[in-house]
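Student: I have a new structure to read. Please show me how to go through it, feature by feature.

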Amino acid sequence: MRVLFISSPVATHFLPMLPLVRALQAAGHEVLVTGQPDVTGPAEAAGLATVTYGDAFHYEDLCGGKGPRGPRPIEAVGRPPAQEIDGAAQMWRNHTPYHLPDYLELARDWQAELVVSDHMDFAAPIVGEVLGIPSVEHRWGVNPTSTSMLRMTLMWLGPLCGRLGLDSVPGPSLILDPAPPALRSTDAPEGRPIRPVPHTGGRTPWAYAASPGRRVAVALGGHTLELGGAPLLRRVVGVLERAGGVEAVVSAPPRFREAIGALPETMSYTDETAPGVLFPGADLVVHHGGAGSTLGAAALGIPQLILPQVGDQFIAGDKVADADAGISLDSAGLQNNDTHLTDAVRALLTDPGYRQGAASLRQQIGEMPGAAEAVGVLEDLVSHRTVRA
């Protein structure tokens, strides 16, 4: 098969699809990745063939806040209402027309037989319908977009689809969902499970020196730091230092480290961001609720302290907390309070209930079908235009 991957222009929207890309290649299928530089850059770094359109998108510009000097979005506007989080799909719907003609031309010229995209790219199903090939939606994590909001979002693409000769706005032929049952949305279209794999970028896991029980990975995400997160990360480091006996690896690009400050002897900075490198061996992960971090920690069975800042990060925090696998501090008041942070860290490192909840998530994920099994499903889809049970 010749499989074209399209992603909305955020690297972390593409990376969850990488295990499926690798499985397709291992099965002898051809893969091509297209999108803006935000996506094709990481794809090229992974050794994949790419075609790039347009300029970098700079997703962080849409997240609010005032850049690295803050305030953070959560400090400026608080937790967004559920309808606003649900409605984020409309932003990506507005993005659809910009490169749709390019994607159509590429898929036609390359003779693609299948198109795969993340769940916030609405161009791929249109490409598939116009060319008469199946399209697959691969979610990147916990999906906050309800069925009703999705229908409303797609409705606005009707005129565009009409100009392409389509009678209606197409949806994907198949949805792949990497969220385990306890983290899965109950208000979104149902998908076929696919096991999430913590991204490693081909690198080996971090070597923790401390004995088990006090190892912590801190990864608040590049966008969090770009949007005023350095003081929050400094606060987290201080709380971990006062907890005593904690070894921590702190993910932060060098340009932010002066604002964060020097680390205690038991803590180390790293440029590394991949969950599959930072998280194995940790007893606690402190992160922002990004999909890669949430599912990465869940796949490894590690309790999570989630400090959400924007959008669906709050939904991820809610789901992990409801699964008794972590704690989510979902307001600026909670996140900026040393007492609340200290209590959360202490509970997550010592309360066996959180370890049990995290172990349950790991078991659920281990029982999900992997990417190699999904390849057979996709082969069926291309051969028979349907998925056999």
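**Buried residues and cores**

Tutor: Start with a helix. The buried residues of helix α2 (residues 18-26) are L18, L20, V21, A23 and L24. Buried means under 20% relative accessible area, exposed means over 50%, and partly exposed lies in between (1.4 Å probe, protein chains only). Helices (H or I, at least four residues) and strands (E, at least two) are DSSP runs, numbered from the N terminus.

Student: What kind of model is this, and how are residues numbered?

Tutor: This is a predicted model: local features need pLDDT of at least 70, side-chain atom pairs count only at pLDDT 80 or more, and totals for chains, interfaces and linings use all residues. Residues are numbered from 1 along each chain as its sequence is written, and side-chain values use heavy atoms, leaving out hydrogens and water.

Student: How many residues does the largest nonpolar core have?

Tutor: A nonpolar core is a set of buried Ala, Val, Leu, Ile, Met, Phe, Trp, Tyr and Cys residues joined through side-chain atoms within 4.5 Å. The largest here has 31 residues. V216, L240, V286, L305 and L307 have the most contacts inside it.

Student: Which element gives the most to this core?

Tutor: α11 does, with seven residues. Elements giving two or more include β8 (215-219) and α17 (338-350). A second, separate core has 30 residues, among them L4, I6, I133 and L150.

Student: How do α14 and α18 cross?

Tutor: Axes are lines fitted to C-alpha atoms, for helices over the stretch in contact, and angles run from 0 to 180 degrees between N-to-C directions. The axes of α14 (residues 291-300) and α18 (residues 352-366) come within 6 Å and cross at roughly 95°. So α14 is roughly perpendicular to α18. Angles of 65 to 115 degrees count as roughly perpendicular, under 35 as roughly parallel, over 145 as roughly antiparallel, and the rest as oblique.

Student: Which residues make the contact?

Tutor: Contact means heavy atoms within 4.5 Å. From α14 come L295, A298, A299 and L300. From α18 come A358, L361, R362 and I365.

Student: Where does Q111 lie, and what is its phi?

Tutor: Q111 lies in the loop between α6 (89-110) and β4 (114-118). Its phi is near 60°, a positive value in a residue other than glycine. Q111 counts as exposed because its relative accessibility is 58%.

Student: Is D324 buried, exposed or partly exposed?

Tutor: D324 is partly exposed, with a relative accessible area of 48%. Phi of D324 is also positive, near 60°.
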